[in-house]
Amino acid sequence: MSTFRISEVAGLLGVSDDTVRRWADGGRLPTVRDGAGRQAVEGAVLAQFAIDMAGELPLSSPAIVGASARNRFPGIVTRVRRDDVMAQVEIQSGRHRVVSLMSREAADELGLEPGVLAVGTVKATNVVIELPERH
């Protein structure tokens, strides 16, 4: 059984140690004593608590106001193929067809369907250069 100290729980949930202690003292978050006698939370209990609290917890990262990716392809979603886990999304951006593989959950959350305006953003460390045949 894995356990997490109060400070570890706070870090994972993006709240202060005092907030975690208040939850524990108020009976909202069950705790145990670890091998050293410190107050701790069992891993399985923390996992369920995190799921239950997801809507109430603060965002763990600030809003993005800039990005390093420079290759943006605005266009129209022309096709979305979904299976149980993944989705393949095609965007037509002028003469260019951009294809993205993502989780089905992400495609569903974004509401991606044919006809939706979207921007394909490409950031790559590997770019393949090909030479066309010259006549």
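## Two domains

The protein is assigned domain 1 (3-53) and domain 2 (71-124); such bounds come from an automatic or database domain assignment. Their centres, taken over C-alpha atoms, lie 39 Å apart.

This is a predicted model, where local features need pLDDT of at least 70, side-chain atom pairs count only at pLDDT 80 or more, and totals for chains, interfaces and linings use all residues. Residues are numbered from 1 along each chain as its sequence is written, and side-chain values use heavy atoms, with hydrogens and water left out.

## Nonpolar cores

A nonpolar core is a set of buried Ala, Val, Leu, Ile, Met, Phe, Trp, Tyr and Cys residues joined through side-chain atoms within 4.5 Å. Buried means under 20% relative accessible area, exposed over 50%, and partly exposed in between (1.4 Å probe, protein chains only).

The largest core has twelve residues, including Ile 6, Trp 23, Phe 49 and Met 53. Helices α1 (6-13), α2 (17-25) and α3 (43-53) each give two or more residues to this core. The largest share, four residues, comes from α1. Helices (H or I, at least four residues) and strands (E, at least two) are DSSP runs, numbered from the N terminus.

## A contact of Met 53

Met 53 touches Trp 23 and Arg 28, not counting residues up to four places away in sequence. Contact means heavy atoms within 4.5 Å.

## Leu 101 at the surface

Leu 101 sits in strand β6 (residues 96-103). Leu 101 counts as exposed because its relative accessibility is 63%.
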